[in-house]
Protein chains: 2
Amino acid sequence: MDVQTQNSQLEKFFNPSSVAVIGASNGLFNLGATICNCLKNYIKFPGPVVAINRKAEEVSGYPGYSSVTDVSHDIDLAVIITPASVVPSFVRQCGEKGIRNIVIESAGFSEQGGEGKKLQKEIDDCAKQYGIRLLGPNCLGVMNNVTRFCCFYGAYDGIMDALNKAGGVSYVIQSGGVGVVIIESLMDDMQGINKMVSIGNKTDVDEADLLDYFNNDNTQVISMYLENVADGTKLMKAASRVKKPIMIFKSGRTEAGTAAALSHTAGMANNDVIFDSMCRQAGIIRLKSISELYSLPKMLTEMPLLRGNRIAAFTNSGAFGSISADIMVDAGLTIPRLSPETREKLSKIKGVFNVNNPVDIGPALPQVYLDLIDIILAAPEVDGLLLMSSIWRDFVIDVIKEVIKMCRHYDKPAAIYTPNSISKIISVRKQFNVPIFDSMEEAVRALVVSYEQLRYLRKKEQYIGADFKERD
Amino acid sequence: MDVQTQNSQLEKFFNPSSVAVIGASNGLFNLGATICNCLKNYIKFPGPVVAINRKAEEVSGYPGYSSVTDVSHDIDLAVIITPASVVPSFVRQCGEKGIRNIVIESAGFSEQGGEGKKLQKEIDDCAKQYGIRLLGPNCLGVMNNVTRFCCFYGAYDGIMDALNKAGGVSYVIQSGGVGVVIIESLMDDMQGINKMVSIGNKTDVDEADLLDYFNNDNTQVISMYLENVADGTKLMKAASRVKKPIMIFKSGRTEAGTAAALSHTAGMANNDVIFDSMCRQAGIIRLKSISELYSLPKMLTEMPLLRGNRIAAFTNSGAFGSISADIMVDAGLTIPRLSPETREKLSKIKGVFNVNNPVDIGPALPQVYLDLIDIILAAPEVDGLLLMSSIWRDFVIDVIKEVIKMCRHYDKPAAIYTPNSISKIISVRKQFNVPIFDSMEEAVRALVVSYEQLRYLRKKEQYIGADFKERD
């Protein structure tokens with residue numbers, strides 16, 4: 001199937017006109033009912049929704065049927081959340097009804113081995129027969145914050161708030177638990193989610209299919225949590241076609257981690273060295289922690305890419321200059337000596353303590369900050385800035401806003417860290433929509449990742465023109 | 001000088017009966033005035049305070065004199081915050097007045113080389129002549145949250161709030177900027193500060209002297225940020241005498257970091273490999289980031305020490321089991337296979353998904369959590385627990401509180417991480433006073449550090465008796 005045809009079928013997962021929730025009933029702790037409730041009361045989903053259950057009972061005000069084949073209107077998307085054993089028969093009914101998109105949220109398939117494996121093969125074969133695309137099984141479903149659609153089971157208020165905060169990052173996650181951390185954490189940040197898909201056992205739709213999909217929608221950065229890669233060649237080919245930054249955090253690096261992943265989403269063990277080299281060849285940024293999945297995208301959406309590895313650090317406390325120098329050296333960035341011209345210009349500004357890189361200042365007025373940073377960003381020996389000033393007065397926030405404009409002007413990025421408590425960082429970041437990182441380590445990683453993406457784009461430049469030159 | 005005599009002199013830095021602020025005036029932006037303001041309005045310091053300035057003018061309601069020698073009552077502590085060039089004459093006046101404790105907050109000494117070095121030598125010689133103990137120069141001063149004393153210049157409301165939250169950790173910091181981050185960050189945590197000393201250029205009182213002091217007060221954990229170590233042997237000897245956990249984060253690991261540190265607090269370059277081996281020999285826990293200075297102490301104050309490296313992980317989302325297994329392996333912890341007896345006991349509890357280590361559960365009631373965790377902590381093949389459950393219902397907080405009691409009962413620690421947004425973690429941690437870490441990585445580090453301290457105590461057992469056995 002060509003990418004365009006596939007994408008238009010996948011589109012129905014994110015923007016269905018009508019939905020059937022198979023397994024939604026009024027029983028105690030029924031998970032399907034939580035999906036109906038979300039569609040009805042949070043999203044106020046504009047199209048028809050039906051609940052499928054044995055008693056054909058109404059759920060959350062949506063009409064009930066005992067089978068999708070009893071429904072008269074067309075159904076774009078079926079969400080199945082029943083015991084695993086009855087899933088195959090429902091998939092078949094969906095096929096007969098003409099439904100071509102199914103999310104299977106039920107667990108109890110390959111991840112349990114034996115009988116579960118057989119069941120998964122059965123639904124897989126049935127889906128192929130009808131031309132159905134499957135998401136899951138053993139997944140959380142789909143969230144689209146742009147058009148406001150969500151079929152996550154058990155979503156609570158905290159999750160639903162995210163539907164009101166659309167942004168540029170799309171997520172593919174192999175675990176609902178990680179999805180929840182990402183969603184909650186981005187509510188503490190300035191960036192928002194575009195779409196999120198939980199792929200679980202990924203018997204059909206996988207991360208490679210979704211790369212092609214997100215390459216062609218309004219996503220700016222693609223960020224993934226994977227526990228295994230079943231088809232490495234497919235992932236590599238898809239990644240090579242994608243110009244947008246792709247970031248992947250993968251668990252199961254170690255033998256113990258792999259063993260744990262096996263019993264979670266039924267992934268096959270992968271050799272970590274091979275995966276690492278695959279990422280480098282295909283232009284995938286490999287992440288080091290869950291938190292990087294949500295902390296780093298803002299560097300790529302808010303700042304120009306880093307076109308060389310020469311970083312100037314600027315701080316209002318000498319200690320941060322010294323500590324960040326250690327971190328930058330470890331990360332493979334260089335801390336260039338500033339040219340005599342640059343140093344002379346800096347030394348003319350009153351309030352500067354140290355005109356060497358890292359540059360540091362004492363208590364100074366906003367214009368002193370801006371004059372110094374302008375000189376640093378203009379310097380040809382500097383590719384990017386590590387800005388570390390505590391918010392000791394509110395005007396530092398205004399300085400940060402100006403620096404963001406300067407970065408666009410000079411086409412050089414700044415990674416910003418404000419040495420304050422995390423609660424202060426969060427409140428400033430949210431209120432003023434500025435890309436502040438939680439720690440110096442994270443800010444340095446943001447520079448590294450920005451430079452990595454620049455170099456990947458250069459490698460892929462046959463696809464995208466010669467816009468992304470490194471600086472000498 | 002013997003330790004006891006020295007400590008009783010150092011005591012006056014933390015608990016003076018009377019204070020002179022030399023350089024406090026009513027001039028615009030005068031830093032000495034911020035100290036007077038803090039003593040008068042925040043702390044309501046009960047003893048006499050005087051302001052020393054050219055015009056002998058009153059500051060914040062405190063009487064002014066042009067010299068300490070004009071003051072009729074005794075003065076325990078002088079805080080000098082004047083231009084560097086006049087500091088030596090004030091030190092001499094203090095000597096004549098009989099003042100034996102001076103904090104010099106002014107900058108412009110060794111860290112600037114040349115003339116500054118000479119000035120520092122001058123004050124040093126003068127202090128020795130009079131038997132004065134000096135803190136600084138180029139420092140922020142002293143904070144004591146137990147008796148509520150503080151002579152930091154420029155302290156703002158956020159800092160002053162910390163004076164109302166005393167705790168068990170004492171800090172020695174070579175940079176005011178790092179001190180501010182620590183103070184603010186602990187306001188987001190459950191632990192509080194006992195005392196904080198900023199040592200700056202440490203011409204006299206240094207980290208080793210303060211180790212001896214904090215070894216004999218009510219401090220529970222000693223945590224230090226250093227840019228250089230001038231006398232390694234002295235530090236090692238002092239550290240060997242200390243039973244309390246000592247944690248040090250040191251910048252200047254790399255050449256670039258050292259260069260930056262030199263122009264900040266005038267430290268000499270140290271070989272990082274030597275420093276590292278020194279820490280191991282002297283029983284000092286070496287930290288990897290600023291944030292560990294404030295995030296890790298709670299593990300040592302709230303939990304028993306880890307007596308072996310075999311960790312059981314428990315989670316309500318399989319992904320965290322797999323990811324944490326990778327992190328634990330990297331950190332040198334082991335993830336033991338649970339014994340057939342333990343697994344049989346676990347499998348009898350309804351709601352468990354996976355009775356292998358990492359143990360994971362689905363949505364379950366509180367008693368299920370507690371039954372499983374009780375079995376795990378009781379298992380002889382397990383030395384400690386990594387507990388990772390999202391707070392998906394409020395009862396998880398009650399579970400955490402019960403687990404803390406169980407840990408004390410079994411004398412095994414739990415490192416707790418709740419996979420939620422950091423703002424949720426902070427709010428739960430503060431409201432319920434539970435030691436939750438900000439990330440899985442941090443929780444694993446807490447286990448590593450706990451085990452490191454246990455092993456250091458074993459090495460030092462000639463000083464402390466044979467209480468701290470490892471488990472086999």
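**Exercise 1. Domains of chain A**

Task: Find how far apart the C-alpha centres of domain 1 and domain 2 of chain A lie, and describe their contact.

Solution. 
- Step 1. Start with the bounds. In this predicted model, the domain assignment of chain A places domain 1 at 3–298 and domain 2 at 303–464.
- Step 2. Take the C-alpha centres of the two domains of chain A. They are 38 Å apart.
- Step 3. Count the contact residues. Domain 1 of chain A supplies twelve, and domain 2 of chain A supplies 19.
- Step 4. Sort the side of domain 1 that touches domain 2 in chain A. The classes are four nonpolar, three polar and five charged residues.

**Exercise 2. The contact between chains A and B**

Task: Say how many residues each chain brings to the contact, and which element of chain A gives the most.

Solution. 
- Step 1. Count both sides. Chain A brings 48 residues and chain B brings 48 residues.
- Step 2. List the elements of chain A that give two or more residues to the side touching chain B. They are α6 (176–186), α9 (255–265), α11 (290–295), α13 (318–330) and α17 (422–432).
- Step 3. Pick the top contributor. α13(A) gives the most, with nine residues.
- Step 4. Classify the side of chain A that touches chain B. It holds 18 nonpolar, 23 polar and seven charged residues.

**Exercise 3. Symmetry of the copies**

Task: Determine which rotation superposes chain A on chain B, and why the copies meet through the same surface.

Solution. 
- Step 1. A 180° rotation, with a shift of 0.0 Å along its axis, puts chain A on chain B at RMSD 0.0 Å.
- Step 2. Name the relation. The two copies are therefore related as by a two-fold rotation axis.
- Step 3. Locate the axis against chain A. The C-alpha of A:Ser423 is the nearest in that chain, 3.5 Å from the axis.
- Step 4. Compare the surfaces. Of the interface residues of chain A, 100% are also interface residues in chain B, so the copies meet through the same surface.

**Exercise 4. A sheet in chain B**

Solution. 
- Step 1. Look at one pair. β14 (residues 311–315) and β17 (residues 384–388) of chain B run parallel and are joined by five bridges. Within β17(B), B:Leu387 is the bridge partner of B:Phe314.

Methods: Residues are numbered from 1 along each chain as its sequence is written. Chains are lettered from A and ligands numbered from 1 in the order in which they are written. This is a predicted model: local features need pLDDT of at least 70, side-chain atom pairs count only at pLDDT 80 or more; totals for chains, interfaces and linings use all residues. Two strands pair if DSSP finds at least two bridges between them. Helices (H or I, at least four residues) and strands (E, at least two) are DSSP runs, numbered from the N terminus. Two residues are in contact if their C-beta atoms, placed from the backbone, lie within 7 Å. Ala, Val, Leu, Ile, Met, Phe, Trp, Tyr, Cys and Pro count as nonpolar, Asp, Glu, Lys and Arg as charged, and the others, Gly among them, as polar. Copies are superposed by least squares on the C-alpha atoms of residues with pLDDT of at least 70 in both. Domain bounds come from an automatic or database domain assignment.
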